Amino acid sequence: MKKILLLMILAAAVHTGYAQDSVKTKAKIRPNADLKLNEKQSQALQDINKSYMQGTQEVRRNRDLSKEEQKAKLDALQAERSGKIKEVLDAEQYAKWQQNREQATARADHYKHRAGKKGKRMHEVPVKELGLTDSQGEELKAINKEYMTKAMALKGLDKDEKRTKMKALKDERQEKIKSALGEDNYGKYEAWEKERMKGFRDGMKERKKKAPATNQ
C-alpha cells in the first residue's frame, strides 16, 4: 500500500509545471489488477503504456510546439493508445478499463480543484522553504519525473519482479536526490515528503468514508 501511495504522490509531483492535460493523461495510467488480464494481455498493455509514456514525454520536450499543438498531439496519442488497448482486451475488460480511466481523471481534476482553492498546488515542492536553490528544485523535478516514467513502465510485471525492480528504482532515486540536494537539504526534503504522504493517506481515508462507491 505504501508503494502505491508513493507512486500516486510522485505521479502528482512530476506534473508540476505542465498543463492540465498533462495531469489528466498521466493519471489515466493505473494498476490493472481488476481487469483480470492473462499473461499475454498483461505484457501487451505494458508495451502499449510504455510506448504511450515515451510518446507523451517526446511531445512535452518539444519546445517548438504551442500549447494547442501539444494538446492535439497528446490527444492523438491517447486515442491511439485507447485503440490499441481495445484490440487487446475483451469488451468487458475494455469497459472496465475505460471506467478506471474516467475515475482516475475525475480524481486528478478533484486534486487540481482543491489545489486551486488553496492557491497552491498540493504536490508542489516548497523550494524556498526547504532552502533549495532554483536549480536544485529543477533537478529534483527532473529526477522525480525520470523515476515515475521508469516506475510506470514496470506495470504488468509479476509481483516479485516488480517489487525487486521498484526497490532498485527507489534506491537509485534516493541516491540521485541526495547527490543533487546534499545531506542537509535531503533530510529536509525527506521529512517534507513523509509529511505529505501522511496527509495524502489521511485524505484518501476521508474520501473513502464519504464516497465508498467511488473506489469500487
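Helices (H or I, at least four residues) and strands (E, at least two) are DSSP runs, numbered from the N terminus. This is a predicted model, in which local features need pLDDT of at least 70 and side-chain atom pairs count only at pLDDT 80 or more, while totals for chains, interfaces and linings use all residues. Residues are numbered from 1 along each chain as its sequence is written, and side-chain values use heavy atoms, with hydrogens and water left out.

Q: Why is the contact between Glu 161 and Lys 165 called a salt bridge?
A: A salt bridge is a side-chain nitrogen of Lys or Arg within 4 Å of a carboxyl oxygen of Asp or Glu. The closest N and O atoms of Glu 161 and Lys 165 are 3.2 Å apart, so the pair qualifies.

Q: What separates Glu 161 and Lys 165 along helix H7?
A: About one helical turn, because the two are 4 residues apart in helix H7.

Q: Why is Lys 165 called partly exposed?
A: Buried means under 20% relative accessible area, exposed over 50%, and partly exposed in between (1.4 Å probe, protein chains only). Lys 165 has a relative accessible area of 37%, so the term partly exposed applies.

Q: What makes the pair of Glu 172 and Lys 150 a tie between parts of the chain?
A: Their side chains meet in a salt bridge at 3.4 Å, N to O. Glu 172 lies in helix H7 (residues 159-181) and Lys 150 in helix H6 (residues 134-152), so the pair ties together parts that are 22 residues apart in sequence.

Q: Which residues are linked with Glu 172 in a network of salt bridges?
A: Glu 146, Lys 150 and Lys 176.
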